[in-house]
Amino acid sequence: MKEDAAYLEAERILAEYDATHPEGSVSNYAGISGDFSQSEDFQKPKSRYEEAINKADDDRANAIAKWGEDYLRSLSELRAQRQREGDFIGLQASGGEISRFELDHTIPESSIPSESTPVDQLRERFRKARVAIDDVHATDVTAAASVYDRTLAELASRETKAGKIESAALAVAERRHLEMLPEVVSARLRIADKQHQQQSPKK
């Protein structure tokens, strides 16, 4: 899309605005094209993006709540099993882990083991499950951002071809703003880090 002549024209207009408004066009450009910024063409995709992000956040919160419930249930089952098998250390460790988790809802790093191998194995399984929840959230956020970004690019090109240069430049400015949103930056960094880890040779 960035090779599209109309889109490039919108970027040129926005660059000229940048040069004459060093206070920052990304936050202030909307004031130039106020009517368009409130139009359905501009607001509808923005609302869809925000709805997608809210859903991603809700899905993660629900998944984390279920993850915690599943961990406590698994610990209770492990404690009962350790008792049946006469494993006093395992019984104490699993009971202690239940009490600890109920306080802070976190699982210690693998560098901080418990006194029971079965408890450590359960920790590792649920530690990976917790990471997977955040990975899914990052994927959902980047997917929503990609859809919104593509829509804005198409909007900028269309408005430029129609001679509505300020409206097009506003769409370009919104793309820049999208790239800097904390949830987008964080999600993309997480995915990039995961890809780097997968590509790195295992020791």
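**A helix pair and its aromatic rings**

Guide: Start with Glu 97, which counts as buried at 3% relative accessibility (buried means under 20% relative accessible area, exposed over 50%, partly exposed in between, with a 1.4 Å probe and protein chains only). This is a predicted model: local features need pLDDT of at least 70, side-chain atom pairs count only at pLDDT 80 or more, and totals for chains, interfaces and linings use all residues. Residues are numbered from 1 along each chain as its sequence is written, and side-chain values use heavy atoms, leaving out hydrogens and water.

Visitor: Where does Glu 97 lie?
Guide: In helix H5. Helices are DSSP runs of H or I with at least four residues, numbered from the N terminus.

Visitor: And what is Glu 97 in contact with, leaving aside neighbours within four places in sequence?
Guide: Tyr 71, Leu 75, Pro 108, Val 119 and Arg 123. Contact means heavy atoms within 4.5 Å.

Visitor: Switching topic. At what angle do the axes of H4 and H5 cross?
Guide: Roughly 160°, and the axes come within 8 Å. H4 covers residues 40–84 and H5 residues 88–104. The axes are lines fitted to C-alpha atoms over the stretch in contact, with angles from 0 to 180 degrees between N-to-C directions. The two helices are therefore roughly antiparallel (angles over 145 degrees; under 35 is roughly parallel, 65 to 115 roughly perpendicular, the rest oblique).

Visitor: Which residues make the contact?
Guide: Among them are Trp 67, Tyr 71 and Leu 75 of H4, and Glu 97, Ile 98 and Phe 101 of H5.

Visitor: Now the rings. How many aromatic pairs are there?
Guide: The count is 5. Rings of Phe, Tyr and Trp (its six-membered ring) pair if their centres lie within 6.5 Å; planes under 30 degrees apart are stacked, over 60 edge-to-face, the rest tilted. Trp 67 and Tyr 71 are a stacked pair, 6.5 Å centre to centre with 10° between the planes.

Visitor: Why is the pair of Tyr 71 and Phe 101 edge-to-face?
Guide: Because the planes are at 75°, with the ring centres 4.9 Å apart. Tyr 71 is in H4 and Phe 101 in H5, so the pair ties together parts 30 residues apart in sequence.

Visitor: Which residues form one aromatic cluster?
Guide: Trp 67, Tyr 71, Phe 101 and Phe 126.
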